[in-house]
Amino acid sequence: MEEKVIEEGRQGEALELINASKSGRKMYIESYGCQMNFSDSEIVASILTDEGFSTTPNIEEADVVFVNTCSIREKAEQTVRNRLKVYNAIKKKQNPRMVVGVLGCMAERLKEKFLEEEKLVDIVVGPDAYRDLPNLIGDVDIGRKAVNVILSKEETYAEISPVRLGGNGITAFVSIMRGCDNMCSFCVVPFTRGRERSRDPESIVKECQQLVADGYKEVTLLGQNVDSYLWSGGGLKKDFKKLSPEEQAKSVNFAQLLDVVAQVSPELRIRFSTSHPKDMTDDVLHIMAKHENICNYIHLPVQSGNSRILELMNRGYTREWYIDRVDAIKRIIPDCGISMDIISGFCTETEKEHQDTLSLMEYVKYDFGFMFNYSERPNTQAQRKLNDDIPDIVKKRRLKEIIDLQMQHSHFRNQEHVGKVHKILVEGVSKKSDQELFGRNTQNTVVVFPREKFEAGQYINVEVYECTSATLKGKAIGLA
Ligand code: SAH
Ligand code: SF4
Ligand code: F3S
C-alpha cells in the first residue's frame, strides 16, 4: 500500500490478491481482514507447499482457491459473500474442477452453517486448524465436504516458516501471539480466534534472524494485544503475579521480547501492533526509547473518549487512564507517532459522549486513524445485553465528524514533519509515478521522493518540503 489514507475501513475491507501448485497442484489465496489474517495465509501457504502445492496468482488455473475471511463488521462478511459469487461464476465458466476453501474468522464463526449457506464451499477451516488442511483436501478428493473449526489452547504455528506472499521482500509480519482474552463487548475476535496464547520467544527471534538473512529490513510483530504478551515456558496466558519466583525469573514479557528482537540486527526496523491502552507499560516505552531501530510509532486504539461508553465496551480503561498513557508516550518518546481506532455510535452513546470522543481527539491530535460505525456482531456481549439503538443516520453523521477532525489532525501532524530530515526505509516505486520512490519514516508516515539513484530496501535521509493529510513529499539527501 503506497499511501496511508484515513479510511473508514481497515480490517475487513482491505483486499489483497495473494499468489499463493499437491505435487503439481496449485493454490490461490485471497486474504481479507487484519494483518494477522495476511500473516496466517503465509502459514497456510507454507503448510501446503510442504505437501507439494505451489502458488498461483491466477484464480482460473487454481486447483484450490482459499479465501481467508474476516468477521469484524457485517460489511467485512458481505465482502466475502460477494467474492464467493464471483468464484462461483469462475467455477462454472472457466474452472469446473476448482475446490473452494473458506479460512479464518468467518469460517470459525459460521462453522458447518457455511456449507449449508454457500453450496460452492468445500472446506471450512478455522484459524487454529490449518495443519489439518492436507487431510481436509484429501477428504474433498474423495468426494466429501470437510470442516475443522477446533480452537486450540496451544497452537501458535511457532516452528512453521511462513511462505512470504505478495510482499516486497523488505517488510514482513511476524506473529507473536494468537487469540484474545479481552472480551470487549462489541468484538467477535475472542470467539473467532480463541484463547490468547504467546509464541515461544526463541522461535520469534529465529524467524527475525532468517528474515534478516533473506534481506528483509523491517518486521511488524503482530498480536491483538501485544502488551499482554507473556511467555512462561508455555504460551497460554497466565497472571504474572501467580507465577512462582523461578517462573517469573524465566518469563518473557513484551518489553523484554522487544529488547531481544531489537538486538537481532541494527539494520532491522521493528514495529508492532496492536497496543492496548489498559496493558501498555512504561517499560515498553523505555525499551522503545532505548533502541534506535524500534520505530517511534504506536497504534493505540481508543474506541471512545467517554468513560461510560468505555465501560460499556468493557475496554478496561477510562478516558483519564488513556490520556495518562498518551502523556507517558509523549514524555518518554517525544516524537512518537500515535494512531487510533474509533467506533462511532456504540449502543446508547449520547451526543455529549460523542463530543467527548472529539475532545479526546483534540487532546491527542493523532497522526492517523481507522474509524468505523458500530456494527452489531452475533453473540457478542453487546449484542446479547445492549440495544444497538443509534440510528444509522446518526452513526454516519458522527463518524463523518470524527473523520473530518482526523483529516485536520493528520494534516497538522504532517505539517510538523515539513522542513525536517527523515530517515526513510524505501519500500518500492510509487504507484503514481515510476520516477518516484516511497517509504515510511519512523512514525509510519508515507514519504514520496524522486527516485534518482536510490532503490528499495535502502535507508535514505529525505528532506521533507511539502505534505498532504496522507503523504509527505521530499528530496533524498543521501543514504542514512
Ligand atoms: N485488538 C485490537 C483491535 C482489533 S479489531 C484492539 O483491541 O485495539 C480492529 C478494530 O475494529 C477495533 O479496534 C475496533 O475499532 C473495530 N471494531 C471491532 N469490532 C467492531 C464492531 N463490532 N463494529 C465496529 N467496529 C469494530
Ligand atoms: Fe477485540 Fe478487544 Fe481483543 Fe481487540 S482487545 S481483539 S477489540 S476483544
Ligand atoms: Fe477480522 Fe479476524 Fe482479524 S475478525 S480483524 S480477520 S482477527
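**View 1. The surroundings of ligand 2 in the predicted model.** Ligand 2 is surrounded by C180, N182, M183, C184, F186, C187, V189, P190, Q224, H276 and R315, where a residue counts as near a molecule if one of its heavy atoms lies within 4 Å of it. This shell divides into seven nonpolar, three polar and one charged residue, with Ala, Val, Leu, Ile, Met, Phe, Trp, Tyr, Cys and Pro taken as nonpolar, Asp, Glu, Lys and Arg as charged, and the others, Gly among them, as polar. This is a predicted model, in which local features need pLDDT of at least 70 and side-chain atom pairs count only at pLDDT 80 or more, whereas totals for chains, interfaces and linings use all residues. Residues are numbered from 1 along each chain as its sequence is written, chains are lettered from A and ligands numbered from 1 in the order in which they are written, and side-chain values use heavy atoms, with hydrogens and water left out.

**View 2. The shell around ligand 1.** Of the 17 residues that surround ligand 1, the closest are Q224, P301, Q303, D341 and S375. By class, six residues of this shell are nonpolar, six are polar and five are charged.

**View 3. Close atom pairs at ligand 1.** An N or O atom in the side chain of D341 is 2.6 Å from an oxygen atom of ligand 1, and a polar side-chain atom of Q303 lies 2.7 Å from an oxygen atom of ligand 1. At F186, a backbone N or O atom lies 3.0 Å from a nitrogen atom of ligand 1.

How values were computed
A polar contact is a pair of N or O atoms within 3.5 Å; within protein, one must be able to donate a hydrogen and the other to accept it, and residues adjacent in sequence count only if both atoms are side-chain atoms.
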